[in-house]
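Thanks for asking me to look this over with you.

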Amino acid sequence: MGYVRLVHSASAVPTQEGTCLDAFKHELDYVFATLRRLGVSPGEIEDLAQEVFIVLYRNWAEFDITRPLRPYLFGVAFRIVCAHRRRRAREIPHPTLETPDGCPSPEGALQSKESIALLQAALESVPLLRRAVLVMHDLDDVPIVEVAKTLSISRFGAYSRLRKGRKELTGAVRRLSREGARR
Amino acid sequence: MIRRDPSYDSDVEALLERGRIIVPVPDVVRARSLARARAIMGVAVALPPKPMLAWWRRGLPLAAAASVALVVSTASALVAFRIRAVKDPAPPAPPMSPASAASAPIPMLVQLPPVAVDPLPSPAAHPQRLVRQVPSLESYAAELDLLQRTQVAYAGHDFSGALALVAEHGRRFPNGRLAEEREALRIRSLVAAGRTAEANRAAASFADRFPRSAMLPRLGTEP
């Protein structure tokens with residue numbers, strides 16, 4: 001008499017590509033949030049997120065997966081945003097066909113009392129490198145040593161930028177709040 | 001926990017507290033981003049080894065060894081022939097027909113080791129078999145590869161390069177499986193390059209050709 005024997009199938013071995021994609025998938029929200037905090041317009045976030053993925057994918061074989069991924073992703077995103085801004089500065093402006101990006105203006109943000117929009121607007125007034133230090137340290141809770149390493153600056157430089165960035169952020173929040181209260 | 005700067009007042013501190021919350025990306029955007037990421041990885045996942053290249057890599061040492069053996073054996077045969085000619089001068093041979101030339105024994109060549117020619121892979125056999133095995137897979141991989149390069153060029157803001165690659169894709173795979181993605185990339189590259197009129201024409205043609213495309217809503221180019 002015939003019988004059927006149940007055999008455990010071999011579990012699928014995660015491929016390098018698979019783990020890379022999984023990591024990107026897991027941190028997609030963070031990548032988008034980081035790009036937004038670094039001042040990328042909503043219409044460009046998706047394209048720049050793809051550039052982050054390309055860098056991650058190319059370097060995934062060398063990446064030490066025991067280390068936290070977020071500071072690394074932040075460093076990649078920061079460099080991509082810097083390069084993107086340099087390119088934009090060189091380009092001759094032309095009327096783009098993009099729809100308005102939907103980012104609320106500071107006034108709109110204050111009127112609707114959206115704290116995140118207010119913070120975003122305030123961050124916009126902090127220069128990029130200081131903003132990067134500020135976001136990494138004060139929003140992502142990354143220690144300053146790691147911040148300095150990720151952004152390839154000295155620890156002193158990181159502290160200095162953090163101090164200045166905090167002053168600028170506080171000033172911008174006060175200014176935006178005053179402007180909002182006046183309207 | 002990171003120590004906060006005392007210069008922050010409570011309002012800014014509260015603002016930062018709320019700003020730490022990461023807003024999830026909408027599902028549509030997430031799906032689109034992951035699909036693009038998969039497309040970037042596509043070539044490596046779909047067809048890791050290149051058959052022709054692998055064949056050449058495998059056959060190269062063998063071919064080199066065979067060539068050396070052929071040269072050595074030819075040289076030794078020439079030497080043997082000269083020695084024999086000096087030792088035992090023969091009368092000039094009568095001219096032979098091609099058929100008899102093929103069948104007639106040549107004493108000089110009998111001495112040669114037969115291994116000289118055998119290891120060389122016959123160029124007619126293997127490539128044809130390989131080409132027959134993987135035409136569709138190869139063309140799909142080539143399509144993906146080309147489109148991936150286009151995407152990289154577009155992401156790198158090399159819009160003229162991206163358009164050139166789109167044109168190449170159009171020439172090689174006019175009705176390829178990734179024609180829809182190609183046309184979408186064409187429109188986006190034209191828009192980004194500031195060629196508004198061409199972008200609008202391309203968008204109109206895209207809407208005609210792919211009326212149910214999921215990409216259509218994002219490709220509206222009219223200001």
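The points below go through the salt bridges and their surroundings.

1. Please keep in mind that this is a predicted model, where local features need pLDDT of at least 70, side-chain atom pairs count only at pLDDT 80 or more, and totals for chains, interfaces and linings use all residues. Residues are numbered from 1 along each chain as its sequence is written, chains are lettered from A and ligands numbered from 1 in the order in which they are written, and side-chain values use heavy atoms, leaving out hydrogens and water.

2. How many salt bridges does a search of the whole structure find? Over all chains there are 18, a salt bridge being a side-chain nitrogen of Lys or Arg within 4 Å of a carboxyl oxygen of Asp or Glu.

3. Start with R70(A) and E27(A), whose side chains meet at 2.8 Å, N to O. R70(A) sits in helix 4 (residues 69-90) of chain A and E27(A) in the loop between helix 1 (16-26) and helix 2 (28-37), so this pair ties together parts 43 residues apart in sequence. Helices here are DSSP runs (H or I, at least four residues), numbered from the N terminus. E27(A) is buried at 9% relative accessibility, while R70(A) is partly exposed at 36%; buried means under 20% relative accessible area, exposed over 50%, and partly exposed in between (1.4 Å probe, protein chains only).

4. In chain B, R172(B) and E168(B) form a salt bridge of 3.4 Å, N to O. Both belong to helix 8 (residues 159-172), four residues apart, about one turn of the helix.

5. Lastly, D47(A), R36(B) and R188(B) are linked in a network of salt bridges.

Note on methods
Helices (H or I, at least four residues) and strands (E, at least two) are DSSP runs, numbered from the N terminus.
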